[in-house]
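Me: Hey, can you walk me through a structure? I'd like to start with its pocket and then look at some helix packing.

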Amino acid sequence: MTFLPVAHFGHWYVTLLYLGPVIVLVLALSFQSWRDKRRKDPEDSSH
Amino acid sequence: VSRRLTAAGTIVLAAALALPATASAHGLVGKQDLPIPRWLFAWAASLVLVISFVGLAVLWPKPRLENAREKRVLRLPAQLEVPAGLIGIAIFVIVVYAGFAGVQTSTANLTPTVVYVIFWVGIPVLSCIFGDVFRPFNPWLAVGRGSGWLVKRLGAGADPIPYPTWLGRWPAAFGILAFAWVELAYTNKADPSTLSIMILAYAAAQIVGMSVYGTDAWSRYGDAFGVYFGLFARLSPLHWERGELRRRPFLAGAPRLDPVPGTVALLCTMIGTTSFDGFSQGPLWTGTNGLGIQLQHRFLDLGFNAETALEIAFTIGLIGVVLVVSGIYRLGVIGMQSVGENHTATELGRRFVHSLIPIALAYVIAHYCSLLLYQGQAIGYLISDPLGNGSNIFGTANQTIDYSIITATGVWYVQVVALVLGHACGLALAHDRALVIYRSPRAATRSQYWMLVVMIGFTSLGLWLLSAANS
């Protein structure tokens, strides 16, 4: 029987903390991009 | 585009983190004593990169590196080429001879240490400080030039074929991948005589390449090691060219990189192979249920012997990590494309590829600094006893490796600083190029948002790999 490496979450969950900065930045950029788009939309519809 | 990018990014980064785990501390001695958890260094490094990014956006409104001027420091006599080439050939002969004639123990024979430590790690470090120091001593280039001169004098031989544009740096990319395969996947990698055979085969291939396409074109695009060291030399403030030594701002050689086909593949291979070296030493690869162990079992079940199963598993892992690194870079490029101005992803990928050079160097330093600092000392006694037969040519055969030269904690700090500086330099190069490509500084900064994600992703990946290796 084979096990996936995810089997022992407790052994490697700390590694997820290394992904944190990337996730935070991606979320921030996605939010900014969504906000920019939202700002543009009303301008487009007014023309 | 943004949604697709976010989804794709999540998948690639999740894959990257699901795979990895560690990297490496070749010969690391002692235990690290750190004031904060290692993962916090990744957050601190990311913060430094974000601050650097903001600093670049505010304080760097015009390109500075793209057209930086060089100043001649001194002129070198052309006659120096010959003795330099002869020295390179002499070292080459000694290394190959030691591999064949010496004891077949990797630590007692000169050849493995010269190849894996001095050549593979030492020359990149020297190149980024002193410029392309390998080129004048490149033994196969010296042989190619010498035989070319002789053929010309005798009035024999045909003119070389023009180097095909489509071939670009692909031969170099495959050459570096092949060397990394030998280093990381081949089970007989440390056998001195096998190494000597491979060195001779590589040199022969280079001489064939130079005789077909000419020494200059082949050495600049096809010679894997010549190209590899030449890329790092582009970061140096010193530039050796046409019998002159010139100085230029640090990093200013990188924007002059001609992004011919294969350049992106070469740099992604350089970063990916170093990453896999770390990954393959960590618990997610080597653990009881690690990916590497599972792959080996699969191939054992298919009837392969243990050695071949191991090599296949490592080959798959090596190529997989190179593809993950390429995917991360591609994501940054697709993100840049979303800024508009009708640039294709392929064009942007090539035009920003030079920003990966300092990252590749950072990975080499971070990954191999302990190897260089500890095992590099072995050269002191190996030059006195290159064959391992008890000779003492220079009286240094009894020297030993001083492991107190740097502590494990010191190595960790060197690794962190190398990664942060390398990625900050990558950001600066990408920012400088964006100012040339995009119409306004604002668009240039916006285009670099996703490159910032890429840089932080590579930094976190590097620290994660290293921390797993040290754990």
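Me: Which element gives the largest share of the lining of the largest pocket?

Reply: That's α3(B), with seven residues in the lining. Just keep in mind that this is a predicted model.

Me: OK, and which other elements give two or more residues to that lining?

Reply: Besides α3 (81–101), the list has α5 (134–137), α6 (139–154), α9 (215–221), α10 (224–233), β2 (238–241) and β3 (244–247), every one of them in chain B.

Me: What volume does the largest pocket have?

Reply: About 1,400 Å³.

Me: And how many residues line it, and which lie nearest its centre?

Reply: The lining has 47 residues. Nearest the centre you'll find R135(B), P136(B), R145(B), R220(B) and W240(B).

Me: How does the lining split by class?

Reply: There are 21 nonpolar residues, 16 charged and ten polar.

Me: Switching to helices. At what angle do α2 and α18 of chain B cross?

Reply: Roughly 25°, with the axes coming within 10 Å. Angles under 35 degrees count as roughly parallel, so α2(B) is roughly parallel to α18(B).

Me: Left-handed or right-handed crossing?

Reply: α2(B) passes α18(B) in a right-handed crossing.

Me: Which residues meet there?

Reply: From α2(B), the contact includes F41(B), V48(B), L49(B) and F53(B). On the α18(B) side, W412(B), V416(B), V420(B) and L427(B) are among them. By class, the residues of this contact are 14 nonpolar, three polar and one charged.

Me: What about α11 and α16 of chain B, how do they pack?

Reply: Helix α11 (residues 263–279) and helix α16 (residues 357–374) of chain B pack at an angle of about 20°, and their axes are 9 Å apart. They're therefore roughly parallel to each other. The crossing of α11(B) and α16(B) is left-handed.

Me: And which residues touch in that one?

Reply: L267(B), M270(B) and I271(B) are among those in α11(B), and they meet a set in α16(B) that includes Y363(B), V364(B) and H367(B). The contact of α11(B) with α16(B) has nine nonpolar residues, four polar and one charged.

Me: One more pair: at what angle do α7(B) and α10(B) cross?

Reply: Roughly 95°, and their axes come within 8 Å. That makes α7(B) roughly perpendicular to α10(B).

Me: Which residues of α7(B) and α10(B) meet?

Reply: A172(B), G175(B), I176(B) and F179(B) in α7(B) meet A224(B), F225(B), V227(B) and Y228(B) in α10(B). Seven residues in this contact are nonpolar, one is polar and none is charged. And α10 of chain B is also one of the elements giving two or more residues to the lining of the largest pocket.

Conventions
Residues numbered from 1 in each chain as written. Chains lettered and ligands numbered in written order. Predicted model: local features only at pLDDT ≥ 70, side-chain atom pairs only at ≥ 80, totals over all residues. Heavy atoms only, no water. Axes fitted to C-alpha atoms, helices over the stretch in contact; angles between N-to-C directions. Helix = DSSP H or I, 4+ residues; strand = E, 2+ residues; numbered from the N terminus. Parallel < 35°, antiparallel > 145°, perpendicular 65-115°, else oblique. Left-handed = near helix turned anticlockwise from the far one by under 90°. Contact = heavy atoms within 4.5 Å. Nonpolar A, V, L, I, M, F, W, Y, C, P; charged D, E, K, R; others polar. 1 Å grid on protein atoms, 1.4 Å probe; cavity = no way out; pocket = protein on both sides within 12 Å on 5 of 7 lines; lining within 4 Å. Points joined across faces, edges and corners; volume = space filled by probe spheres on them.
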